[in-house]
Structure formats: structure tokens, C-alpha cells
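This briefing sets out selected features of the structure shown below.

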Amino acid sequence: MIDDLPASFAVRHPTSDDHPRVLAVLDRWWGGMKGEAGALERALLLPRLYFQHFSSTSFLVEYPDGELAAFLIGFLSQTEPDTAYVHFAGVDPSLHGQGLGRSLYRAFFTLVRSQGRRYVNCVTSPENTVSRNFHTRLGFSASGPLLDYDGPGLARVAFSIGLTDEPTRPARRLRVLDKTLYLEHLPELREPSDDHWLALVRAPEGLTVIRAASSSAAIQDRWVALYDADPDHGLDEPGLLAAVLTPLARAAVPAFTASTYHADLVLVPEERRDLALDALRSAGFEIC
């Protein structure tokens, strides 16, 4: 169903039996947004009928062990013959930034386009900045907050996208730095006397120094560095570091990280360089 889904995930259309499984993750995945009132609101937005009558236009993604990883509930509008609607979608927060939500939307776009639909609409709450940023990056146009849209006190932001001019978002790119690096620990917190270092991390147990490795450094002490080729995501876009570390962890590749204001520096052992780069390419990253 989804061509660009990582091989370790399984995707299918949901069934009525999946209804309680999805309800069970809503509060955790939404971080308890708006407290008990928000939890009740989210549960009421997903009655069982969506899993009974809109299964063929919805998707459910599972981890290899069968646990829920993501879902999208959508349908074809009955009153607007050229429109489809995404009613509710969610991704496990540990997978944010890996393109899973984008893959679900792309699959929905392809499905409804084959049914003659030219537009996709959806809404979210004004407080849900993660959802608002996601839809904007995907190419949706957004309204301002629409007061009482879903009833008294239930404001919404409305989104719409035309499938004929749907933009293609480039893959996130990682750059392999030229120098092989070496990690050094200075327990006395004294800064190094030279300036031949790339980064310093001060912590209660001492100072960690990331510096260029000398030619005499043993292979097990040498690290390859990956850095965002387009360092522009800032501090308000969640999940990007996890998007890099998760495929590395699944490939059993150790990693060391140091974050900047705009990007993340990720180090992997030089002896596992090829394994690390293959894992990141499989997760949708472009290596340059």
C-alpha cells in the first residue's frame, strides 16, 4: 500500500477490532494535550463507526511486534465529489521526523486521486502546533483559527491541498564531514589548551572534547561525523534527532551526539560507517 514505508513496518487497512487499540494510544501520543477535556474530545472524535465504514480509505501501521506505530482515518466526501477528507491521523512520537506521517498522507493522496478526488481537507486545533507545522510543510494552505467551528469553545484551523499541484518535499540530507574524529574526556573541566577541536560539551562529570583524530588513533577510537546538510530546523521542530538515531539503533550502530541551535552532530564508529549510512538511506535520508 505504501511504497516508501521502511521494511520493518507493516501497513494494512484497519478493522473494527483496531478501534480500542487506537483509542488506547491517543492520550499518550498527544502528550495529554488539554487535560481530561482533551482526552475526552479526542476519544469522541473516533467512534467505532470510522473503523466499520471507512476502512478502505484508512491506514494502520504496525511495528514488527504488532504494536501500533501510526494510523490515518480518512474518507471520500459524500457531498463534494471532488474532495476527500483526513479525519484523524497520528504517529508514535518516537517516530516523529522519520517521514511516516508524510508517507501515510501520500498514500491517502494516491488512493483518493484514483477515485477522482482533486482536493483533500482536514482540520486541527489551534493549540496543536506540531500538526499545524506538519500540514504546512506538506503543502496544505491553512486558515486562521475558526472559533466554535466544531461547537462552543471548539476552535479549529482548516487545511486544504490541491492534488494536481501537490508539492514534493525533498528528502532530509545529511553531510558526512571530511575529518575522522576522536572523543576525549577531561574530568577536571579544564578547557583544552589548543583550538584543534570541533565541539566541547561541559557536564558535571567533566568536559567532553570532540577533536580531529590523529593518524595514530586506533580504529576503535575513530568516529565518522554526520551533520545536517541544510541546518535550518531550529528548536521548534520535534523528532529530527530521533529520526536519525532510531534507524541507527535498529541497525545496532552506537552513536554520540552534540546538538547546535540549528542542527545535530551525530558521530558513528568509523568501523561501522557503511552499516550506518545504509541504515540511514533505508530510513529515507540522502547522504552527501
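**Cysteines**

Cys288 counts as partly exposed, at 40% relative accessibility. The model is a predicted one, and a search of the whole structure finds zero disulfides. The points below are grouped by topic.

- Cys122 has a relative accessibility of 3% and is therefore classed as buried, the limit being under 20%.

**The seven-stranded sheet**

- Seven strands form an open sheet with mixed pairing, in the order β1-β2-β3-β4-β5-β7-β6.
- The edges are taken by β1 (10-12) and β6 (141-142); each has a single partner strand, so one side of each is left without a neighbour in the sheet.
- Strands β4 (residues 83-91) and β5 (residues 119-124) are paired in the parallel sense over three bridges, and Ala84 stands opposite Val120 in β5.
- Helix α4 (residues 100-113) packs on this sheet, where it touches β2 (59-62), β3 (68-76), β4, β5 and β7 (157-162). The direction of α4 makes about 25° with that of β3.

**The β10-β11 hairpin**

- Strand β10 (residues 197-203) runs antiparallel to strand β11 (residues 206-212), and six bridges join the two.
- A hairpin of two residues connects β10 to β11.
- Within this pairing, Ala199 is placed opposite Ile210 in β11.

**Salt bridges**

- The structure holds 11 salt bridges.
- A network of salt bridges links Arg12, Asp18, Arg21 and Glu62. Within it, Asp18 pairs with Arg21, with the closest N and O atoms 3.0 Å apart. Asp18 is buried at 2% relative accessibility, whereas Arg21 is partly exposed at 28%.
- Arg211 forms a salt bridge with Glu184, the closest N and O atoms lying 2.9 Å apart. Because Arg211 lies in strand β11 and Glu184 in strand β9 (residues 181-186), the pair ties together parts that are 27 residues apart in sequence. Arg211 is buried at 13% relative accessibility, while Glu184 is partly exposed at 25%.
- Arg222 and Glu270 also meet through their side chains in a salt bridge, at 3.0 Å from N to O. Arg222 lies in the loop between β11 and β12 (223-228), and Glu270 in the loop between β14 (264-269) and α7 (273-282), so this pair ties together parts 48 residues apart in sequence. Arg222 is buried, with a relative accessible area of 16%; for Glu270 the value is 24%, which means that Glu270 is partly exposed.

Technical notes
Residues numbered from 1 in each chain as written. Predicted model: local features only at pLDDT ≥ 70, side-chain atom pairs only at ≥ 80, totals over all residues. Heavy atoms only, no water. Pairing = 2+ DSSP bridges. Helix = DSSP H or I, 4+ residues; strand = E, 2+ residues; numbered from the N terminus. Contact = heavy atoms within 4.5 Å. Axes fitted to C-alpha atoms, helices over the stretch in contact; angles between N-to-C directions. Disulfide = S-S within 2.5 Å. Buried < 20%, exposed > 50% of the residue type's maximum accessible area, 1.4 Å probe, protein only. Salt bridge = Lys/Arg side-chain N within 4 Å of Asp/Glu carboxyl O.
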